[in-house]
Amino acid sequence: MRIDVVSIFPDYFAPLHLSLVGKAISSGIVELGVHDLRGWTHDRHNTTDDTPYGGGAGMVMKPEPWGEALDALEELDPAPMTIVVPTPAGRPFTQELAYELAAKQRLVFACGRYEGIDQRVIDHCVEHYEVIEVSLGDYVLNGGEVASLAVIEAVVRLLPGVIGNPESLTEESHSAGNGSLLEYPNYTKPPVWRGREVPQVLLSGNHGLVAKWRREQAVERTRSRRPDLLAPDGRD
Ligand code: 6GU
């Protein structure tokens, strides 16, 4: 998969070269390009924003640098681009959407700042590319950079060859493999720590009992923390 990011703060994306995503890049599973939007400005101050038509607070990102950036990215690789636009007005980001994005050939993250990007850029993109506006949840970030980092990590770990043991993908929270329950609590050695014991069933060696206990724990956690993930009648 090829991933491009366009931002006025390209330094936000340095951590992508760490850990699991970094390994996916160095091994060639992911090709990453991070681009400074200011490279597509032509005035002395590299202006990327201006005051909103109609008045009001804040600034809006100008369309011209975005248009040139997207034209230039198109030239870099012939694969069709899926433009991901992080915005609190977007489609809620879920594990299902992460799997959807992981199936694309090429993702381009368009990171807006201030009050957002001139709507004509989005409308232009919808005519020329696939566009997915994505929200991380009902709260406000200063720009799309941190949201893009989260989406990129969630997507890249799903790519074949990135996670050593693919079973860990199906066991974890929100995956299809455990009925979309939250994950059960985990324990490791020592068996007693500061007077707290590991639940006896996990030391029993009885795989059937362990599986039953974990399922019960997952259901109880989900019922108390995220009842919205259970069936509407509150039963699983
Ligand atoms: Cl995707 N972007 C911004 N700027 N704020 C957000 C968000 C995204 N998701 C939640 N808040």
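**Reading the features of a predicted model**

Student: Is Asp-138 buried or exposed, and how is that decided?

Tutor: Asp-138 counts as exposed because it has 7 C-beta neighbours inside 10 Å. A residue is called buried if 20 or more other C-beta atoms lie within 10 Å of its own, exposed if there are 12 or fewer, and partly exposed in between, with the C-beta atoms placed from the backbone. This is a predicted model, in which local features need pLDDT of at least 70, side-chain atom pairs count only at pLDDT 80 or more, and totals for chains, interfaces and linings use all residues. Residues are numbered from 1 along each chain as its sequence is written.

Student: Where does Asp-138 lie?

Tutor: Helices (H or I, at least four residues) and strands (E, at least two) are DSSP runs, numbered from the N terminus. Asp-138 lies in the loop between β7 and α5. The chain as a whole has seven helices and nine strands.

Student: How is the overall form of the chain to be read?

Tutor: The radius of gyration is taken over C-alpha atoms, and the globule rule is 2.2 Å times the number of residues to the power 0.38. Here the radius is 22 Å, well over the 18 Å that the rule gives for 236 residues, so the chain is more spread out than a compact globule. The C-alpha trace spans about 70 × 40 × 35 Å along its principal axes. Of the 236 residues, 22% are buried.

Student: Which residues touch the most other members of the largest nonpolar core?

Tutor: In soluble globular proteins, nonpolar side chains tend to be buried together. A nonpolar core is a set of buried Ala, Val, Leu, Ile, Met, Phe, Trp, Tyr and Cys residues joined through C-beta atoms within 7 Å. The largest one here has 36 residues, and Val-84, Val-108 and Ala-110 touch the most other members. Among the elements that give two or more residues to this core are β1 (2-7), α2 (63-76), β5 (82-92) and β6 (106-110). Helix α5 gives the largest share, five residues.

Student: What is Ala-110 in contact with?

Tutor: Two residues are in contact if their C-beta atoms, placed from the backbone, lie within 7 Å. Leaving aside neighbours within four places in sequence, Ala-110 is in contact with Val-6, Trp-66, Ile-83, Val-85 and Ile-117. Over the chain, residues 24 or more positions apart account for 73% of the contacts with a separation of 6 or more.

Student: Which residues are closest to the ligand?

Tutor: A residue is near a molecule or strand if its C-beta atom, placed from the backbone, lies within 6 Å of it. The ligand is surrounded by 14 residues, of which the closest are Pro-86, Pro-88, Leu-136, Leu-141 and Ala-147. Two or more residues of this shell come from each of β5, β7 (130-135) and α5, and β5 gives the largest share, four residues.

Student: How many residues of each class does the shell around the ligand have?

Tutor: Ala, Val, Leu, Ile, Met, Phe, Trp, Tyr, Cys and Pro count as nonpolar, Asp, Glu, Lys and Arg as charged, and the others, Gly among them, as polar. The shell has eight nonpolar, six polar and no charged residues.

Student: Which residues does the UniProt annotation "binding site" cover?

Tutor: UniProt positions are given in the numbering used here, feature names are shortened, and annotations may be inferred rather than shown by experiment. In the unreviewed UniProt entry, "binding site" covers Gly-112, Leu-136, Gly-137, Asp-138, Tyr-139, Val-140 and Leu-141. Gly-112 lies in the loop between β6 and α4 and counts as buried because it has 25 C-beta neighbours inside 10 Å. Not counting residues up to four places away in sequence, Gly-112 touches Met-61, Thr-87, Ile-117, Gly-143 and Gly-144.

Student: Which peptide bond is cis?

Tutor: The bond from Lys-189 to Pro-190 is cis, with omega near 10°. Pro-190 lies in the loop between α6 (167-171) and β8 (192-193).
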